[in-house]
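Hi,

Here is the structure I promised to pass along. Have a look at it first, and then read on for what turned up.

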Amino acid sequence: MAYETIIVKISDHVCVITLNRPSALNALNSQLVEELGDAVTDAENNHKVRCMVITGSEKAFAAGADITEMADKSFVEVVAKDLFGSSMMPVQNAKKPIIAAVSGYALGGGCELAMMCDFIICAENAKFGQPEINLGVIAGIGGTQRLTRFVGKSKAMDMLLTGRFMDAEEAERVGLVSRVVPEKMLMEVTLEVAVKIAEKSQISVKSAKEAVNRSFETTLAEGLLFERRVFHSMFATEDQKEGMSAFLEKRDPQFRDK
């Protein structure tokens, strides 16, 4: 499929989706969000894709939602359209893992998109923020919810109420990102991680992702029960037999996703 606001490349079972609106610092307009959703859906349905990466440019992952597109909209319009609701569901509901590779600005909707991914690897120049308060609104794509879960109430309140940015060092320290790498090595490192994930049993990968996400939606006791039952279910797969046999035989496993 031909896209105008994103670039999609598939290699080594990894689908890299690059946000590509350089003149607007990759601001999320309706076309980009729609194309991103289509690309993620296509990757979900492509048996050759085992992991996804969403990234932007060196200067900006995404500098927020497109204000020029939103400024004149009314309450009735945004509610009727469910602005940034269903359009973001393909990313939110993806079963295959998605890594956000962030360089430069990840602000507003850009920060929210990064947090929607399964984890974030960022460059040393990354800047995260939810500055919607400066526009007379609040975060609307999960910023008040996901950011709080990532960094805690105090840090989230600080960022959401003042609009201040968080640099890469602080983001790693408080758990917003999984690792920080030199800017020139961002995609190299991220692709190494994605390829490593792609080598694993996809049954196990998807199950692990589902179990971690369940931990945010339920009690500890229910989460532990869910985890244990999913763990038990792995023993019905060929990949479990292969993985454990390979370990005992001191060789690399050859997973078949069965």
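Which strands does helix α1 lie across? Keep in mind that this is a predicted model. Helix α1 (residues 30-45) lies across β1, β2 (14-19), β3 (51-55) and β5 (98-102), and α1 runs at about 180° to β2.

Those strands bring us to the sheet. It is an open sheet of six strands with mixed pairing, in the order β1-β2-β3-β5-β7-β10. At its edges stand β1 (6-11) and β10 (179-181); each has a single partner strand, so one side of each is left without a neighbour in the sheet. From one strand to the next, the twist averages 20°.

For β10, the partner is worth a look in your viewer. Strand β7 (residues 119-123) runs parallel to β10, and three bridges join the two. Within that pairing, A123 has V181 of β10 as its bridge partner.

Now to helix α7 (residues 153-162). Its buried residues are A156, M159 and L160. Seen down the axis of α7, these residues fall within an arc of 90°, so they line one face of the helix.

What covers the buried residues of α7? The cover includes β8 (127-129), α6 (143-151) and β9 (165-167). After α7 comes G163, with a positive phi near 80°.

Notes:
Residues are numbered from 1 along each chain as its sequence is written. This is a predicted model: local features need pLDDT of at least 70, side-chain atom pairs count only at pLDDT 80 or more; totals for chains, interfaces and linings use all residues. Side-chain values use heavy atoms; hydrogens and water are left out. Buried means under 20% relative accessible area, exposed over 50%, partly exposed in between (1.4 Å probe, protein chains only). Helices (H or I, at least four residues) and strands (E, at least two) are DSSP runs, numbered from the N terminus. The arc is that of the directions from the helix axis to the C-beta atoms. Contact means heavy atoms within 4.5 Å. Two strands pair if DSSP finds at least two bridges between them. Axes are lines fitted to C-alpha atoms, for helices over the stretch in contact, and angles run from 0 to 180 degrees between N-to-C directions.
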